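Hi everyone, thanks for coming. Today I'd like to walk you through how the parts of one structure touch one another. Have a look at it first.

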Amino acid sequence: MARLTMRIALVSALALSVAACSKKKPEELPPPPAATAPPTTTETPPPPPSTTVVPGSRADFLAQAGTDTIHFGTDLYDIDAESQAILSKQAQWLARYPNTAVTIEGHCDERGTREYNLALGERRANAAKNFLVNAGVAPSRLSVISYGKERPVATGSDEESWAQNRRAVTVVPQ
Amino acid sequence: MRLRPFRIFPKSASPSPSGERLGRGLSNCTCARGDTPPPAPPMEERGVSRAGAILAFFMAALGLSAPAAAQLEVDITGGIAQPMPIAIPGMPTPSVANTPAGDTASLGQRVAEVVTNDLKNSGLFNPLPKSALETVSHPQVTAPDYIFWTQSGAQALVQGFVQANGDGSLTVGCYLYDVLAKSELARQGFVVQPSQWRRAAHKCADTVYTRLTGEGPYFDSRVVYVSETGPKTNRTKRLAIMDQDGANHRFLTNGQTIVLTPRFAPNQQTITYMSYTNNRARVYVYDIGSGTQRLVVDQPNMTFAPRFSPDGRSIVFSMAIGGNTDIYRVAASGGAPQRLTTSPGIDTGASYSPDGSRIVFESDRSGTQQLYVMNADGSNQSRISFGSGRYGSAAWSPRGDLIAFTRIGGGFNVGIMGVDGSGEKILTNGWQDEGPSWSPNGRVIMFFRTGQGSGKADLWSVDLTGVNERPVPTPLDGSDPAWGPLLP
Amino acid sequence: MERSERTGLGLSVVGHIGLLAILSLNLMSVRKMPKLSEPMDVMLVDKAGLTSAAPEISKEAPQAAEAPEVAPTIEDAPPPEPAPAKPQPAPAPKPAPAPTPKPAPKAAEPPKPTPPAAKPAPPAPPAKPKPKATSLGTDFLKGIPVDKSAGKSTAPRAAAISPLAMNGLAALIASQVKPCYTIPAGGADAASIVSKIRLRLKKDGSIAVAPEVVGNLGVNPANQPYLRQMNEAATRALQRCAPYKLPADLFEAWQDIVFTFRPAQMS
């Protein structure tokens, strides 16, 4: 017991003696991190393939409307401002090609039970459809289907992936 | 409460199912505690024992021990819940014969293995390892070697035989013995075609299980589920069917279209489910014998989440029209659906009570997903879930006393509650456990568990008491299990 | 390092070493831990002993112990016959030859059939022959009443096994049965079924008559399907833990036992 205490004493003494509390300020500060330049957006759409885009096709739709997908908040199915802008553009394209029938798919993230998510997806798709109808698209051209949580686009189990999966997609035939 | 005087009765031959009837013994009167008082003795006994009875009554009331001529009373409080050690040696054959399923000697070994696995996987039995068993000869099947089995530590013994009959069928004999009491508890014989030998083994296991636990049988049953494979963004889903122990597995669809939530018809000839055939989400009925599927409801709207009624004559399902989902009922042969719910919220996931009179379902009409019960005609809808969290995927137990559900709050957990919502108990603890389905005896719940991140789903089962949570073996991943009824 | 820093550091090191030295010197003297006394067995007894187990104290003078036969006149000094143990009153206020009752209960042979007793049987004072010429002093009969005592009381043995002893016995049996009592993990309601099982044992502690169910409590429609299995679990417990190690002299107390099995309190 005493030997152990002496050992402890020795070790602490050694520790103390080498704990030089040097208070000298460093001569110079390390240089501040370089300011990062804002990322350049180089995501211009790739130039169309050599074959020209067929007007009225899905590729044309995507080119003109920008995107076929709108997103939703958790458990929600209301169309926010950003989605409204997207859907308006879609409506304009649909007006130009009145013979095209489209399917609106509703999707959910994985954090819901199987049946409920099927119903919620349908709600989202239906909300998008209603907006398009109000924007002048004939309802008979729009069919609605829900995939619940069966077809996610993002595979992670995190907020970012879930946000990407809560969506309604306007699918134009090829 | 008026204390009835204590009376002495002749020794009873067998215990009565209710109340208390005592044999000889003056000192164990518990009349004061509100137990059913013993019935009055015949008239001629009263005069003789009255004095003694009154004396004994007063002594008992004062809490005194009786004079030493009476029986000693010993209280044993608290039993240890433990799987019962049981011995299931290989089953001999009176004479080795070849069958399309193998020779009868090897069949005898395999039957014993199936019985062993069934009992072990129920969580209530602890079969002895093979090294602790002795080989049983055919004469010993009806005259067990109790000396050996007593020292083996087994409390029960299952013996049997497999015999080829002249007409190509097999007879499987099944005998259950109480090792400590050295008595036979049950015996059953089953005649099956060789290809159905596993069913005979499951029936033998059921005989043993029901006799030793008091529960109903469940081993001779099948499970239909969705077999999954492929990347998370593009899962291939196929209908599959298998015995409850994973054997005799068979795919029913080819996976070209997504299939979801299959459920057996009570006669097990057909399965109802939802399929995306032709890019439309609709309810179909699949005939197992012919392998063909038939559309149940021909409507432009999306229909899903179907279930058979207990009499097999109706299918209850959900239909989504214009963003609103409600529950409908239709004749299993098809026809015009009858609407059962009308709330503007999402009403889905309907499940019948075993007597067919009521339906439990989930609805978010209150703002969040909760469980509701209504009559089978849609009347008298009332909420039953009031715990913390949201509740869905309800399944009514075949015993009628409990409802299994998925509780959403943080993660998903499978739990049970009474049919009035009382006694809520959470049974599982995975990241996402959902979709409970009951075994035919209402004792075991099968569900599927999704892995965090991977999105891989697997089938699991858990005992009603929350113990014995174990994976169900499937060739690929699996989800949406539906446990069929007991095979006749 | 600056000078002031050096002195400060040195002082603090010295101070720390000194403190450690003081403490270690303190710890060097090892103190002996006080010895713990042997644990004492405590038996919790439910029932108070309302009937006294002590034999009655006789108010009369104790009956004189008589030698069964008077020793013959000594010529050849036959060895004195040891008197048979007779029922004796307990400590009367007389000192010698009042025998001290033995603590361990002995089953003495009763002169007439009586219920088994935990009564200590004091040895009768040895009957001494009366030699004519001995080395005994003349006062060797001092204390032994020569006159026949008028008292006729033979205090009865204890009328009952004391509840204290009964409870000790019950606890002993329970401790031997309980490790074997396993029940199937079932619906919670099955655990409210109470089983009363009667067991009759042989003198060596093995089972004389197979356990029989003599009653049940707590059975309702919900747990009725489990009644047989719960009774069997109780019966099996009794069979598994046989034979029992019980005091042979109390055999009449434990040859016939009624057990009350309550599965509900899970251990």
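Some housekeeping. This is a predicted model, where local features need pLDDT of at least 70 and side-chain atom pairs count only at pLDDT 80 or more, while totals for chains, interfaces and linings use all residues. Residues are numbered from 1 along each chain as its sequence is written, chains are lettered from A and ligands numbered from 1 in the order in which they are written, and side-chain values use heavy atoms, with hydrogens and water left out.

Ten residues from domain 1 of chain B and eleven residues from domain 2 of chain B make the contact, where contact means heavy atoms within 4.5 Å.

How much area is buried between these two domains of chain B? About 780 Å², with 38% of that from carbon and sulfur atoms. Buried area here is the accessible area (1.4 Å probe) that two parts lose on being put together, summed over both.

There is one salt bridge between domain 1 and domain 2 of chain B, meaning a side-chain nitrogen of Lys or Arg within 4 Å of a carboxyl oxygen of Asp or Glu. Arg198(B) and Asp245(B) form a salt bridge, with their closest N and O atoms 3.1 Å apart.

Now to the other interface, chain B against chain A. Here 44 residues of chain B are in contact with 26 residues of chain A. The buried area is about 2,800 Å², and carbon and sulfur atoms give 54% of it. Which three residues supply more than any other three of the area that chain B buries against chain A? They are Lys232(B), Thr233(B) and Ile346(B), with 20%.

Seven salt bridges are found across the interface of chain B and chain A. In one salt bridge, the side chains of Lys237(B) and Glu150(A) meet at 2.6 Å, N to O. By class, the side of chain B that touches chain A has 16 nonpolar, 17 polar and eleven charged residues. Nonpolar covers Ala, Val, Leu, Ile, Met, Phe, Trp, Tyr, Cys and Pro; charged covers Asp, Glu, Lys and Arg; the others, Gly among them, are polar.
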